[in-house]
Amino acid sequence: MPEIVRNTDFEARHAPRKPTKTLDDAKIIYNLPFNDLLFRAQTVHRANFDPNAVQMSRLLSIKTGGCAEDCGYCSQSAHNPTGLKASKLMEVERVLAEARKARNAGATRYCMGAAWRSPKDRDLDTLTAMVEGVKALGMESCMTLGMLSATQADRLAEAGLDYYNHNIDTSERFYSEIITTRSFEDRLDTLETVRAAGIKVCAGGILGMGETVDDRISMLLTLANLPVAPESVPINQLIAIPGSKLEHAAPVDPIDFIRTIALARILMPTSHLRLSAGRTEMSDEMQALCFFAGANSIFVGDTLLTTDNPGEDHATALFRRLGLSPMQLEPTL
């Protein structure tokens, strides 16, 4: 039998490495030949996850519209004439009924989002009851409610909240072009508050808002350089909402989007990378390459807060074609 000769030089150049912490080094990785970049990202991914398992999550808007923030991408901002009417906070039983449906359809993670600058203390009893109810169903829980005080974060932690989502959206340089009602530092302060309460961090951003490639790389570096990288990193493709400030934004080049996913995987090897908003505009082939680049979580269901999302049937069919399977929730001790 002929001796197998290993290309040790190639393996050394593409072996998994610790996350790069500088913009210059990250740009070198981002601009690798596409096949080399994907090989490196897939190698890192396989070292930390089952490469053929993808987590199924559901996201429910528990309080829609009327938000005081002026985020240029958002249909729920009171500053954007999108025609979306504001609603009150949903009742606990209605939220849990939707969570049961999600669990029965295969979701293991349930995310609840409210269009607030920050929650009122009077709402904490209702919010904690939602968390406790979702946990009782055997699902991971996540909430996104805007900025939190330390007391509010502690109460959510005591209720058993697993993750808190608070996206930084883009780079510090570009941030003020998209949002003026809160600062980039405010975002980081909330992440620190959540981490101090013992809740896992979910933080990512949006591509396609007019930012540069350097802005995208800088956003990922901000997350990777936190004292502890977020356990969950959603990467969104902008949905250009009619009436929003960014309704005419140019779409992201698919290859650039995939490169960003790959870089995120290399910089944050053990984080769940969530292929989030914008999947309705992605071809199956683009999504397949995102999974190969290291994305390993999607949102299923017909809606994603207030926008369309591919339903369970589409995800099931795509998974079947790709030989992927839903990720099982790890048992807790």
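Biologist: What is the relative accessible area of Arg 155?

Modeller: Arg 155 has a relative accessible area of 30%, so Arg 155 is partly exposed; buried means under 20%, exposed means over 50%, and partly exposed lies in between, with a 1.4 Å probe and protein chains only. Please keep in mind that this is a predicted model, in which local features need pLDDT of at least 70 and side-chain atom pairs count only at pLDDT 80 or more, while totals for chains, interfaces and linings use all residues. Residues are numbered from 1 along each chain as its sequence is written, and side-chain values use heavy atoms, with hydrogens and water left out.

Biologist: Which residue forms a salt bridge with Arg 155?

Modeller: The side chain of Arg 155 meets that of Asp 125 in a salt bridge, at 2.7 Å from N to O, where the term stands for a side-chain nitrogen of Lys or Arg within 4 Å of a carboxyl oxygen of Asp or Glu. This pair links distant parts of the chain, 30 residues apart, with Arg 155 in helix H6 (residues 150-159) and Asp 125 in helix H5 (residues 124-136); helices (H or I, at least four residues) and strands (E, at least two) are DSSP runs, numbered from the N terminus. Asp 125 counts as exposed, at 51% relative accessibility.

Biologist: And how many salt bridges are there in the whole structure?

Modeller: A search of the whole structure finds eleven salt bridges. One of them joins Asp 215 and Arg 173, whose side chains meet at 2.6 Å, N to O. That pair also links distant parts of the chain, since Asp 215 lies in helix H9 (residues 213-224) and Arg 173 in helix H7, 42 residues apart.

Biologist: Are Asp 215 and Arg 173 buried or exposed?

Modeller: Asp 215 is buried, with a relative accessible area of 3%, whereas Arg 173 counts as exposed at 57% relative accessibility.

Biologist: Switching topic, does the length of helix H3 fit, or what span should it have?

Modeller: The 15 residues of helix H3 (residues 34-48) should span 21 Å, and the end C-alpha atoms of H3 are 22 Å apart, which agrees; the expected span is 1.5 Å times one less than the number of residues.

Biologist: Which residues in H3 are buried?

Modeller: Among the buried residues of H3 are Phe 34, Leu 37, Leu 38, Arg 40 and Val 44.
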